[in-house]
Amino acid sequence: MTAPEVVVSGVGKTYGRVRALDDVSLTLRPGTLTALVGPSGCGKSTLLRMIAGLEDVTSGTVRIDGAEPEALRARGDIAVAFQDASLLPWRSVRSNVALALKLARRPAAPDRVDELIRTVGLAGFETARPAELSGGMRQRAAIARALVTEPKLLLLDEPFGAVDELTRRRLNVELPPLWARSPTTALLVTHSIPEAVLLADEVVVMSDRPGRVAARVSVPIERPRRAAHLHSPEFHTLVDEVGDLLGVDREVFEEATQ
C-alpha cells in the first residue's frame, strides 16, 4: 500500500456572487505533509473540504491517484479532523475513537485505540462522555479518532485550535510519527506559521480572497522533528520567509509568538 498523490488542477469555487477560490493548482506529493496558510476567508478550509470530497468544485478538478475523492472516501481511506470535534455525546471517548474503525469497515483495534488516547493526553478519560471534557480535550479525542484508521489521506483543518499552547506543542511533536507509520499523505490548514513550518514538508501560502496559490516554501528540516527545532536558525529563517510572504510585520509577529 502506498500513499496517494493529490492533484488539484485549476480549481475555483463560487458561492453566489462571491468567488472564494480562483484557479488553484497544487500537488500533494505522496507521503508528505503540506500546510496551507493564508488570510482568514481565503478558502483554505474550502479547498480541504473539496479534496475530501465533501464539497463540489465550481471549476477545475481534484484527483487522488487519478480518481475522484469519493472513490477514496468509499474505501474509508480519508480521515478528516475539523475545527469542531463533533463527538457523539452519548459515546465515551474510547467509543468515539473506535467508531471510526467501524465506519471505515476496519477490524476492531482496542490496543491502538487506547494507545492513541494516551498519546493525545487523555489517559484516564477513556470512559468519559464529551460533556465531561473541556473543549481542548474533545479536540484531542477527535484527533485520535482521525488517526486510528491509519488513513491514506489525512486532512487536518485547524485541529489544534482549541488546545492550550503547551499541549499543542507536545502534539505537534508526538503525533507526526503516528501517521508516518503507514503510507499517508497529509494536508494541514493552520493559522500558525511556526506550526506549519514545524510539521510540513512544504508550506503553501494562499492569497487573500479569491484564494490563489501565492507561493510554495519547501521545508528541508530533517525528520524526526523535535521541540529543539523551534529554536534553530533554519527554523526561524523559514518562519520569517513565510511571514514575509503573508505580509506579516516581523517585529509584531515575533512579539506575538514569544
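Me: What are the ground rules for the numbers here?
Reply: It's a predicted model, so local features need pLDDT of at least 70 and side-chain atom pairs count only at pLDDT 80 or more, while totals for chains, interfaces and linings use all residues. Residues are numbered from 1 along each chain as its sequence is written, and side-chain values use heavy atoms, with hydrogens and water left out.

Me: Why is Asp56 called exposed?
Reply: Exposed means over 50% relative accessible area, buried under 20%, and partly exposed in between (1.4 Å probe, protein chains only). Asp56 comes in at 56%, so it counts as exposed.

Me: Where is Asp56, and what is it in contact with?
Reply: Asp56 is in the loop between α1 (44–51) and β4 (59–64). Helices (H or I, at least four residues) and strands (E, at least two) are DSSP runs, numbered from the N terminus. Contact means heavy atoms within 4.5 Å; leaving aside neighbours within four places in sequence, Asp56 has Lys13 and Met50 as contacts.

Me: What makes β3 largely enclosed by the rest of the structure?
Reply: The count does: 5 of the 5 residues of β3 are buried, so the strand is largely enclosed. Leu33, Ala35 and Val37 point one way, Thr34 and Leu36 the other way, and all are buried.

Me: How do you know that β3 pairs with β7 and with β8?
Reply: Two strands pair if DSSP finds at least two bridges between them. β3 has 4 bridges to β7 (residues 185–189), running parallel, and 4 to β8, also in the parallel sense. Ala35 has Leu188 as its bridge partner in β7, and Leu36 stands opposite Val204 in β8.

Me: What makes β5 and β9 the edge strands?
Reply: The 6 strands form an open sheet in the order β5-β6-β7-β3-β8-β9, with mixed pairing. β5 (78–81) and β9 (213–218) each pair on one side only. For β9, that side is β8 (residues 202–206), joined to it antiparallel by 5 bridges; Val203 has Val217 as its bridge partner there.

Me: Which helix packs on the sheet, and at what angle to β9?
Reply: Helix α9 (residues 233–245) does, touching β3 (33–37), β8 and β9, and its direction makes about 175° with that of β9. Axes are lines fitted to C-alpha atoms, for helices over the stretch in contact, and angles run from 0 to 180 degrees between N-to-C directions.
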